[in-house]
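Please look over the structure below before reading on. The paragraphs that follow lead from its overall layout to its strands, its helix and some single residues.

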Amino acid sequence: KGMKLVYLNAYTHNGQPYFSAIWYGKSSFKNFPSKHHLSGSGYQTQFNKWTGQGFCTTLVTGYEYQNKAAFAGSWIK
């Protein structure tokens, strides 16, 4: 709790998505939304929403989920 997400990766094994993440130190950011299992258009919607509110994209990864491309991302302000 209160740590900053500094690394994010995802991969699929036997049809199941797995995430690798590194959290580090204390974060001065109080609000950093993160989303996963997003379609391409779903990711674009989240990107537009958060960057439109002044957030910056910090992490993005792509992977296979239910036989389709999926994305996860995180934003900070």
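In what follows, contact means heavy atoms within 4.5 Å. This is a predicted model, in which local features need pLDDT of at least 70 and side-chain atom pairs count only at pLDDT 80 or more, while totals for chains, interfaces and linings use all residues. Residues are numbered from 1 along each chain as its sequence is written, and side-chain values use heavy atoms, with hydrogens and water left out.

The protein chain has one helix and five strands, where helices (H or I, at least four residues) and strands (E, at least two) are DSSP runs numbered from the N terminus. Read along the sequence, these elements follow the pattern β-β-β-α-β-β. The C-alpha trace of the protein chain spans about 40 × 25 × 15 Å along its principal axes. Of the contacts in the protein chain with a separation of 6 or more, 50% are between residues 24 or more positions apart. The protein chain exposes about 5300 Å², of which carbon and sulfur atoms supply 53%; accessible areas come from the Shrake-Rupley method with a 1.4 Å probe, and for residues only the protein chains shown count as cover. Buried residues make up 27% of the 77 residues in the protein chain, where buried means under 20% relative accessible area, exposed over 50%, and partly exposed in between (1.4 Å probe, protein chains only).

Strand S1 (4–13) and strand S2 (16–24) run antiparallel and are joined by nine bridges; two strands are said to pair if DSSP finds at least two bridges between them. Together S1 and S2 form a hairpin with two residues between them, and Asn14 in the turn has a positive phi of about 55 degrees. Along this pairing, Asn9 has Ser20 in S2 as its bridge partner, and Lys4 has Tyr24 in S2.

What forms the nonpolar patch on the surface? The patch consists of Val6, Tyr7, Ile22 and Tyr24, which together have about 410 Å² of accessible area, and S1 and S2 each supply at least two of its residues. Patches are made of residues with over 30% relative accessible area and no salt bridge, like charges being joined within 9 Å and nonpolar side chains (Val, Leu, Ile, Met, Phe, Trp, Tyr) within 5 Å; a salt bridge is a side-chain nitrogen of Lys or Arg within 4 Å of a carboxyl oxygen of Asp or Glu. Tyr24, whose place is in strand S2, counts as exposed because its relative accessible area is 62%. Leaving aside neighbours within four places in sequence, Tyr24 is in contact with Met3, Lys4 and Val6. Tyr24 and Thr51 are 27 residues apart in sequence, and their C-alpha atoms are 23 Å apart in space.

Thr12 lies in strand S1 and is partly exposed, because its relative accessible area is 30%. Not counting residues up to four places away in sequence, Thr12 touches Pro17, Tyr63 and Glu64. From Thr12 to Ser39 there are 27 positions in sequence and 15 Å in space, C-alpha to C-alpha.

The remaining strands belong to a sheet. Three strands form this open sheet in the order S3-S5-S4, with antiparallel pairing. Its edge strands are S3 (34–38) and S4 (56–65), each of which pairs on one side only. Neighbouring strands of the sheet are turned by 15 degrees against each other on average, direction ignored; axes are lines fitted to C-alpha atoms, for helices over the stretch in contact, and angles run from 0 to 180 degrees between N-to-C directions. Helix H1 (residues 40–52) packs on the sheet, touching S3, S4 and S5, and its direction makes about 10 degrees with that of S5.

Within the sheet, S4 and strand S5 (residues 68–76) run antiparallel and are joined by nine bridges, whereas S3 and S5 pair in the antiparallel sense over three bridges. Phe71 in S5 stands opposite Gly62 and also opposite Leu38, while Glu64 stands opposite Ala69 in S5. S4 and S5 form a hairpin with two residues between them, and Gln66 in that turn has a positive phi of about 55 degrees.
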